[in-house]
Amino acid sequence: MIRRLIVFIAAALFATAAAAAPEARVTSPGNILSVEVALNGEGRPEYTVTRLGRVVIAPSRLGFLLTDAPKLERNFAITDVRTSSADDTWEQPWGERRFVRNHYNELRVSFTETSELKRRLDVVFRVYDDGIGFRYEFPEQPNLTTVNIAEEVTEFAVADPATAWWIPAFQWNREEYLYSRTPLAEVGVAQTPMTIRTEAGLHISFHEAALVDYSGMNLQNEGHGRFRAVLTPSSDGAKVRRMAPFNTPWRTMQIADSAGGLVMNNLILNLNEPSRLPDVRSWFKPFKYVGIWWAMHLDKETWGPGPRHGANTANVKRYIDFAAANGFRGVLVEGWNEGWTDTWFASGKDFNFTRPYPDFDIEELARYAKAKGVHLIGHHETAGNIANYEPQLEAALDLYQRLGIDAVKTGYVADMGGIQARGPDGKIHFEWHEGQVMARHHLKVVMEAAKRHIGVNAHEPIKDTGLRRTWPNWVSREGARGMEYNAWGAPPNPPEHEANLVFTRMLAGPMDFTPGVLSLEGKGQPILSTQAKQLALYVVLYSPIAMAADLIENYQANPRPFQFIKDVPADWSESLVLNGEVGDFVTIARKDRNSENWYLGSVTDENGRTLTVPLSFLTPGKKYRAQIYADGPTADYRGHGKDIVIEERPVTSADTLTLRLAPGGGQAIRFVAGK
Ligand code: NOJ
Ligand code: CA
């Protein structure tokens with residue numbers, strides 16, 4: 001009897017195993033990660049991820065719900081399986097590092113429905129040693145020509161308990177939330193990148209790459225570690241409308257032993273298409289800029305016309321002179337064009353992108369800037385009214401091109417779901433910042449700008465998914481809480497904010513955070529930082545365009561720390577994470593692309609700490625002068641931020657430095673190469 005029972009159980013186990021047996025499998029080049037794809041008993045595709053033999057993503061569903069056709073997620077047979085590999089290295093025109101290795105094994109699984117519809121869907125996995133990307137590819141086929149997607153059923157079933165760092169999706173303030181650190185089980189609907197650390201210490205960041213003509217993905221907690229994709233809505237029912245053939249964006253998981261491993265990862269860029277602008281470096285090179293900006297956020301000047309209008313010719317000349325004298329290439333000018341009424345943010349309908357205010361002499365200022373070797377940076381605040389902006393776009397960019405204004409900051413200040421776009425019916429429809437309409441809009445702006453050799457820096461943008469590789473004139477963006485929150489009456493950014501950003505938002509790509517406020521003062525409120533930390537942010541938060549955000553007089557009052565802002569480049573050939581924990585602290589070293597000099601930035605949260613940093617990244621045998629900008633003995637983000645000690649000492653790659661970071665503080669170092 002017992003024997004018969006054992007046989008019965010064994011048979012049952014075998015049957016279950018047979019149903020879930022992997023039908024396709026691929027392993028990363030160094031045998032670290034692997035992916036198995038299988039069909040369950042209902043013909044539903046699932047994938048599983050293991051790392052060094054241990055399951056990290058348990059069987060997770062794949063497929064789609066459609067608005068006008070039966071769902072596409074079961075009754076499938078696997079009709080083809082192909083594998084391939086790649087190992088190449090490509091060069092970035094600008095970026096955290098000059099050369100990027102792209103080394104992966106690929107698995108393509110073709111599914112065909114067993115029903116009479118016989119619809120087909122491919123899923124392609126690219127498996128690297130430090131991450132995985134997969135996307136759906138819809139081949140051309142008779143029974144699926146228009147693809148109207150109601151939802152993806154893509155899942156990510158995290159196998160182990162974990163801590164998550166995340167911001168909520170579908171809230172009015174778009175991407176501008178402080179990161180929450182919670183048990184994974186307490187996440188609601190999160191935006192991506194969402195970063196987790198499992199109990200075993202594995203770090204995983206979930207995001208997407210190459211978000212083109214599709215809607216942005218969010219992650220909904222379904223319980224027991226299981227997350228499901230929730231696409232951003234559209235005004236017309238279907239969240240995505242496409243014609244086959246087409247590919248979805250890549251769904252990505254960066255996977256590393258350490259927090260720093262996430263930052264060293266090139267997965268998102270590697271999954272994007274190569275550059276469409278091979279000569280971009282001849283017309284865009286990273287730079288630093290100042291501008292008519294912080295004074296408005298402090299309410300000392302105004303965007304709109306009147307006695308305190310910031311963008312007046314004399315004030316802009318003052319900034320051009322300051323930029324020229326201190327080596328900044330760019331001068332941003334906001335509030336230069338008609339439309340800054342008292343209620344601009346409510347509709348954006350009055351913005352005119354070719355008509356300057358009368359006290360802003362754009363022709364004279366372009367001439368004056370050019371004579372001083374400075375470039376004005378344009379500004380297109382749309383208030384999310386792209387129905388007003390798009391018809392003006394080409395003329396607006398033509399104007400900039402004619403005047404030598406070769407970078408533009410765009411802006412989409414509108415509540416989530418408040419984008420005004422003209423639909424195919426000619427009427428205004430309300431859309432979401434991360435929906436398909438905006439994915440199309442941003443690329444349209446970037447492509448029109450590229451034709452005119454203009455770089456784009458979008459605020460209140462769609463999330464970054466690495467499209468800077470394909471369109472390297474998309475140079476930066478906002479898409480998180482930046483410095484501006486420290487000016488307003490709103491609670492300022494807490495000291496842990498930047499240590500959160502590095503391991504979450506910054507994994508998506510560059511951010512125009514606008515650091516360098518040495519006054520440490522917002523509008524009637526202190527900034528929760530030290531001066532040394534403000535300097536460190538130029539190294540820690542990557543952007544190829546980096547603002548020195550403070551007022552001219554505040555830089556004049558702080559010439560010694562200002563020297564670091566003048567010296568630090570924005571153009572790097574290498575970037576290394578020396579230490580760090582999500583939300584606690586991080587130290588990053590970067591090498592200047594145009595010299596042998598290195599720079600180091602280290603920031604901490606509200607806790608002071610002492611970090612030991614071996615300088616083994618420096619070239620052996622070379623001598624360097626380390627110019628150190630450190631928190632002083634009394635430094636503290638609570639009222640003693642200006643205590644900074646600046647000193648210089650000789651170092652080599654054999655040395656180890658001890659960095660003492662004050663509570664809420666940081667440290668910045670310039671290593672000047674000698675012989
Ligand atoms: C919000 C942007 O983030 C900020 O930089 C800009 O000054 C205002 N919008 C006005 O466009
Ligand atoms: Ca903003």
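Side chains of opposite charge can pair when their charged atoms come close.

This is a predicted model, in which local features need pLDDT of at least 70 and side-chain atom pairs count only at pLDDT 80 or more, whereas totals for chains, interfaces and linings use all residues. Residues are numbered from 1 along each chain as its sequence is written, chains are lettered from A and ligands numbered from 1 in the order in which they are written, and side-chain values use heavy atoms, with hydrogens and water left out.

The structure holds 53 salt bridges. One of them pairs the side chains of E152 and R251, at 2.7 Å from N to O. E152 belongs to strand β10 (residues 146–152) and R251 to strand β21 (residues 250–256), so this contact ties together parts that are 99 residues apart in sequence; helices (H or I, at least four residues) and strands (E, at least two) are DSSP runs, numbered from the N terminus. E152 is buried at 0% relative accessibility, and R251 is buried with a relative accessible area of 0%. Buried here means under 20% relative accessible area, exposed over 50%, and partly exposed in between (1.4 Å probe, protein chains only).

A further salt bridge joins the side chains of E208 and K463 at 2.7 Å, N to O. The pair links distant parts of the chain, with E208 in strand β16 (residues 203–209) and K463 in the loop between β28 and β29, 255 residues apart. E208 is buried, with a relative accessible area of 0%, and K463 counts as buried at 6%.

The calcium ion (ligand 2) is coordinated by OE atoms of E176, E460, E478 and E484 at 2.3 to 2.8 Å; donors are N, O and S atoms within 2.8 Å of the metal (3.2 Å for Na, K and Ca), and water is not among the atoms, so sites may look incomplete. E176 is buried at 4% relative accessibility, as is E460 at 6%.

Conventions:
A salt bridge is a side-chain nitrogen of Lys or Arg within 4 Å of a carboxyl oxygen of Asp or Glu.
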